[in-house]
Amino acid sequence: TNTMVSAWDGICCNEGLNLVIYLVQGVGNDLFWPPNVERHYTLKDLIGEPGPNVCAQVFAKQGLYGMATQSDPWSQWDDVYYGGRIIEAASN
């Protein structure tokens, strides 16, 4: 049976949501110590490079299809979709 947890996992997987605040702790004005990352870390170190979407394969084994087959951790899909236009000031 599928649960709401599976639905949330699917959203995070398909949309490539990266909650960096949970990935890095103890490096700023937060409540955590010691830091959980090495010094001089970069966003690239935390999120990684685009590649195969592994969780799409996991969902397919459960009979849930439609996930993106490639991961997009840097959210480049909107640049591709909108043809590289600057959309930061767009409104409806």
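Among contacts in the protein chain between residues at least 6 apart in sequence, what share joins residues at least 24 apart? The share is 40%, where contact means heavy atoms within 4.5 Å.

## Model and confidence

This is a predicted model, in which local features need pLDDT of at least 70 and side-chain atom pairs count only at pLDDT 80 or more, while totals for chains, interfaces and linings use all residues. Residues are numbered from 1 along each chain as its sequence is written, and side-chain values use heavy atoms, with hydrogens and water left out.

The predictor's confidence in each residue is given as pLDDT, from 0 to 100. Its mean over the protein chain is 74, and 75% of the residues reach 70 or more. Among the elements, helix α4 (residues 54-61) has the highest mean pLDDT, 81, and helix α1 (residues 4-15) the lowest, 67. Where pLDDT is low, the predicted coordinates should not be read in detail.

## Overall architecture

The protein chain has 5 helices and 0 strands, in the order α-α-α-α-α along the sequence. These elements are DSSP runs numbered from the N terminus: helices are H or I with at least four residues, strands are E with at least two.

Of the 92 residues in the protein chain, 14% are buried. Buried means under 20% relative accessible area, exposed over 50%, and partly exposed in between (1.4 Å probe, protein chains only). The accessible surface comes to about 7,800 Å², and carbon and sulfur atoms account for 57% of that surface. Accessible areas come from the Shrake-Rupley method with a 1.4 Å probe; for residues, only the protein chains shown count as cover.

## The loop between α2 and α3

Helix α2 spans 20-23 and helix α3 spans 43-47, with P34 in the loop between them. The peptide bond from W33 to P34 is cis, with omega near -5°. Phi of H40 is near 60°, a positive value in a residue other than glycine. H40 counts as exposed because its relative accessibility is 75%.

N36 also lies in the loop between α2 and α3 and is partly exposed, at 43% relative accessible area. Leaving aside residues up to four places away in sequence, N36 touches L23, V24 and Q25. A polar atom of the N36 side chain lies 2.9 Å from the backbone nitrogen of Q25.

## Links across the sequence

K44, in helix α3, is partly exposed with a relative accessible area of 48%. Not counting residues up to four places away in sequence, K44 touches E49 and W74. K44 and W74 are 30 residues apart along the chain, and their C-alpha atoms are separated by 9.1 Å.

Q76 lies in the loop between α4 and α5 and is partly exposed, at 43% relative accessible area. From Q76 to P50 the C-alpha separation is 9.7 Å, and the two are 26 residues apart in sequence.

## Nonpolar surface patch

W77, Y81 and Y82 make a nonpolar surface patch of about 390 Å². Y81 is found in helix α5 (residues 77-81) and is exposed, with a relative accessible area of 61%.

Patches are made of residues with over 30% relative accessible area and no salt bridge; like charges are joined within 9 Å, and nonpolar side chains (Val, Leu, Ile, Met, Phe, Trp, Tyr) within 5 Å. A salt bridge is a side-chain nitrogen of Lys or Arg within 4 Å of a carboxyl oxygen of Asp or Glu.

Methods: A polar contact is a pair of N or O atoms within 3.5 Å; within protein, one must be able to donate a hydrogen and the other to accept it, and residues adjacent in sequence count only if both atoms are side-chain atoms.
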